[in-house]
Amino acid sequence: MTRGWSRRRFLAAGAAGVVAAACRAERAQPTLLGAARRGYGERSPFERSTRAFRVSSTPGTASSRTPLQDTYGMITPSSLHFERHHAGVPAIDPSSHELLIHGLVEHPLILSMKDLRRLPSISRIHFIECAGNSAREHEGRPGPDPQTSHGLVSCSEWTGVPLAVLLQDVGLKPDARWLVAEGADACHMARSIPLQKALEDVLVAYGQNGEALRPEQGYPLRLVVPGWEGNVNIKWLRRIQVASGPAMTREEAAVYTDLMPDGTARMFSFVMDAKSVITRPAGGQRLDGPGFYEIEGLAWSGRGRISRVEVSVDGGRTWRDAELQEPVVSKAFTPFRCAWTWNGREAELQSRCRDETGYVQPTRDALIAMRGLRSGPDGFDHYNGIKAWRVRSSGEVTHV
Ligand SMILES: Nc1nc2c(c(=O)[nH]1)N[C@H]1C(S)=C(S)[C@@H](COP(=O)(O)O)O[C@H]1N2
Ligand SMILES: [Mo]
């Protein structure tokens with residue numbers, strides 16, 4: 001682990017060491033002219049971290065995971081934002097893209113991208129998490145590193161028009177209760193959303209982290225439904241139909257319904273409950289000997305702000321409060337950190353978060369007792385159990 005290594009060396013170095021390091025730094029100054037200018041920036045060629053793809057047998061159905069262990073702060077770089085698409089990434093020319101709003105409205109409307117950009121806009125930071133994120137933890141196939149175990153979540157600053165503004169414009173009829181959002185990709189993915197949520201904080205977004213949405217994230221237009229399962233955040237948005245009830249689309253009837261042990265089903269379980277994961281030190285990394293390390297991680301909740309994160313280095317026997325990065329933003333990544341001096345003996349690292357509603361991230365055992373154990377091709381959605389990493393005396397970090 002490079003970060004821990006340099007910190008420890010810095011703390012341990014005497015004056016002579018500091019001077020020697022300064023000389024080395026001087027010699028490292030480039031003496032040749034640098035590279036030419038470029039109109040659109042790229043990262044250093046020394047940075048190699050990428051999204052990891054899951055191989056799929058169906059062309060167009062793909063997902064890729066964010067390397068959470070290699071990101072800093074609360075924003076996921078757009079080029080590392082996880083992707084999930086069911087029919088590939090369409091290439092859409094924004095000059096011909098339109099959004100139709102119809103159904104139980106007084107004045108149906110067709111908006112061009114130009115029309116949308118003239119309307120009142122807002123920027124907000126929110127995570128998007130696939131409901132299937134960390135399902136393999138539940139199945140007992142824990143991910144060996146944060147990317148594999150928790151990489152179907154990312155956090156961006158989204159810019160767009162509040163859906164409430166658009167709905168006010170078209171005028172809702174009295175029996176309007178739900179809306180159905182539909183994408184322009186080949187599968188025309190569609191999901192139903194209760195009107196109450198739509199009026200509360202849903203965005204029709206065209207911006208991501210200071211520029212236009214990336215094609216993978218729905219360029220030129222997507223729905224951002226803060227705190228709710230990724231699937232309802234319809235990308236390549238082309239139609240919103242206001243209705244009196246849900247449409248029972250394929251995704252909501254067949255896919256995003258969880259069967260409970262007692263035979264009942266959890267439907268429209270939209271909210272992503274509070275979850276956290278330690279990203280450094282974590283599986284796949286190695287500690288370079290005993291000494292000072294900063295335990296770092298991410299926490300998020302679909303119900304609001306994260307209010308507390310606790311960290312354990314002894315497998316959950318004792319807990320310490322981690323420091324939360326300010327500002328803590330509702331329904332967004334909250335980075336946390338906690339100083340740790342490793343004594344060189346085997347340790348088990350865990351994090352447990354709580355949100356402003358008082359909800360506490362449960363253990364895997366507690367979740368299984370509540371919802372049962374289910375594995376198979378569909379996996380299990382909305383798993384948010386506590387994740388543990390084992391630090392071996394060799395310094396190697398693995399999953400538990
Ligand atoms: N039109 C459309 N919207 C879609 C999807 C899709 O395949 N088509 N996938 C959904 C799923 S399952 C998830 S988890 C999120 C992922 O958003 P991202 O690719 O920007 O991370 O988009 C959702 N919106
Ligand atoms: Mo998803």
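**The ligand site and its setting**

A nitrogen atom of ligand 1 has a backbone N or O atom of Asn 233 at a distance of 3.1 Å. The protein covers 100% of the 530 Å² of accessible area that ligand 1 has on its own. These values, like those that follow, are computed from a predicted model.

In the side chain of His 86, an N or O atom is 2.7 Å from an oxygen atom of ligand 1. For His 81, the separation between a polar side-chain atom and an oxygen atom of ligand 1 is 3.3 Å. Ligand 1 is surrounded by 20 residues in total. The closest of these are Phe 82, His 86, Asp 185, Arg 222 and Lys 235.

Strand 1 and strand 2, the latter covering residues 62–65, run antiparallel and are joined by 3 bridges. Within this pairing, Arg 54 has Ser 63 in strand 2 as its bridge partner.

Thr 334 belongs to strand 21, which covers residues 334–342. Is Thr 334 buried or exposed? Its relative accessible area is 1%, and because this is under the 20% limit, Thr 334 counts as buried. When neighbours within four places in sequence are left aside, the contacts of Thr 334 are Gly 297, Leu 298, Ala 299, Ile 306, Leu 324, Gln 325, Val 328 and Val 329.

Finally, the chain as a whole gives the wider setting. The protein chain contains 9 helices and 24 strands. Of its 400 residues, 50% count as buried. The accessible surface of the protein chain amounts to about 18,900 Å², and carbon and sulfur atoms account for 53% of that surface. Among contacts between residues at least 6 apart in sequence, 71% join residues at least 24 apart.

Note on methods
Residues are numbered from 1 along each chain as its sequence is written. Chains are lettered from A and ligands numbered from 1 in the order in which they are written. This is a predicted model: local features need pLDDT of at least 70, side-chain atom pairs count only at pLDDT 80 or more; totals for chains, interfaces and linings use all residues. Side-chain values use heavy atoms; hydrogens and water are left out. Helices (H or I, at least four residues) and strands (E, at least two) are DSSP runs, numbered from the N terminus. Buried means under 20% relative accessible area, exposed over 50%, partly exposed in between (1.4 Å probe, protein chains only). Contact means heavy atoms within 4.5 Å. Accessible areas come from the Shrake-Rupley method with a 1.4 Å probe; for residues, only the protein chains shown count as cover. Two strands pair if DSSP finds at least two bridges between them. A residue is near a molecule or strand if one of its heavy atoms lies within 4 Å of it. A polar contact is a pair of N or O atoms within 3.5 Å; within protein, one must be able to donate a hydrogen and the other to accept it, and residues adjacent in sequence count only if both atoms are side-chain atoms.
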